[in-house]
Amino acid sequence: MKIDYKIYALVDPRDNTIKYIGLTKKDLVVRFKQHMSSINRRNKKSNWIRYLSEMNLKPSIILLEDILTKEEASIREK
């Protein structure tokens, strides 16, 4: 059986707290690069990443779960 969806977290390097939980079908390295390249957007997540970047820090990304179906993944993400 092929795992199609991943639930992941972005973690603050200052205190190791989870600041964002997401859902993707992409490789986590690719998804992380997308988050890092979207810091010019004006939302809470991008503001946080931009703030870290100004201190020469980056969040880390960790896999929380592999999920088979989109329906299950959406429920687990919440």
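Trainee: Where is Asn 16 placed?
Mentor: Asn 16 sits in the loop between strand S1 (5-11) and strand S2 (18-24). Please keep in mind that we are looking at a predicted model.

Trainee: Why is Asn 16 called exposed?
Mentor: The cut-off for exposed is over 50% relative accessible area. Asn 16 has 62% relative accessibility, so Asn 16 counts as exposed.

Trainee: What makes the phi of Asn 16 worth a remark?
Mentor: The value is positive, about 60°, although Asn 16 is not a glycine. Most residues other than glycine have a negative phi. Asn 16 lies in the turn of the hairpin formed by S1 and S2, with six residues between the two strands.

Trainee: Which value does phi take at Asn 56?
Mentor: Phi of Asn 56 is near 60°, again a positive value in a residue other than glycine. Asn 56 belongs to the loop between helix H2 (44-54) and strand S3 (60-67).

Trainee: What makes S1 and S3 partners?
Mentor: The rule is at least two bridges, and seven join S1 to S3, so these strands pair too, also antiparallel. Lys 6, for example, has Asp 66 in S3 as its bridge partner.

Trainee: What is the order of the strands in the open sheet?
Mentor: The order is S2-S1-S3, with antiparallel pairing. S2 and S3 are the edges because each has a single partner strand, which leaves one side of each without a neighbour in the sheet. On average, neighbouring strands of this sheet are turned by 25° against each other, direction ignored.

Trainee: How does H1 lie relative to the strands?
Mentor: H1 lies across S1, S2 and S3, and runs at about 45° to S1.

Trainee: Which residues of H1 are buried?
Mentor: Leu 28, Arg 31, Phe 32, His 35 and Met 36 are buried. They cover an arc of only 140° around the axis, so they are on the same side of H1. An α-helix has 3.6 residues a turn, so residues three or four places apart point the same way.

Trainee: What do the buried residues of H1 pack against, and which exposed residues are on the face turned away?
Mentor: The buried residues pack against S1, S2, H2 and S3. The face turned away from the buried side carries the exposed residues Lys 33 and Ser 37.

Trainee: What makes Asp 27 a cap for H1?
Mentor: A side-chain oxygen of Asp 27 lies 2.9 Å from the backbone nitrogen of Val 29, at the N-terminal end of H1.

Trainee: Why is His 35 called buried?
Mentor: Buried means under 20% relative accessible area, and His 35 has 1%, so the label applies. His 35 is in helix H1 (residues 28-37).

Trainee: How do you know that the side chains of His 35 and Tyr 8 make a polar contact?
Mentor: Their contact is 2.7 Å, and the cut-off is within 3.5 Å, so the pair qualifies. Not counting residues up to four places away in sequence, His 35 touches Tyr 8, Leu 10, Tyr 20, Lys 45 and Ile 49.

Trainee: Which residues make up the largest nonpolar core?
Mentor: There are nine: Tyr 8, Leu 10, Leu 28, Phe 32, Met 36, Ile 39, Trp 48, Ile 49 and Leu 52. The elements giving two or more residues to this core are S1, H1 and H2. As for Ile 39, its contacts beyond four places in sequence are Ser 46, Ile 49, Arg 50 and Ser 53.

Trainee: And what pattern does the whole chain follow?
Mentor: Read along the sequence, the pattern is β-β-α-α-β-α, with three helices and three strands. Of the 78 residues, 33% count as buried.

Conventions
Residues numbered from 1 in each chain as written. Predicted model: local features only at pLDDT ≥ 70, side-chain atom pairs only at ≥ 80, totals over all residues. Heavy atoms only, no water. Helix = DSSP H or I, 4+ residues; strand = E, 2+ residues; numbered from the N terminus. Buried < 20%, exposed > 50% of the residue type's maximum accessible area, 1.4 Å probe, protein only. Polar contact = N/O pair within 3.5 Å; in protein donor to acceptor, adjacent residues only side chain to side chain. Contact = heavy atoms within 4.5 Å. Core = buried A, V, L, I, M, F, W, Y, C linked by side-chain atoms within 4.5 Å. Arc of directions from axis to C-beta. Axes fitted to C-alpha atoms, helices over the stretch in contact; angles between N-to-C directions.
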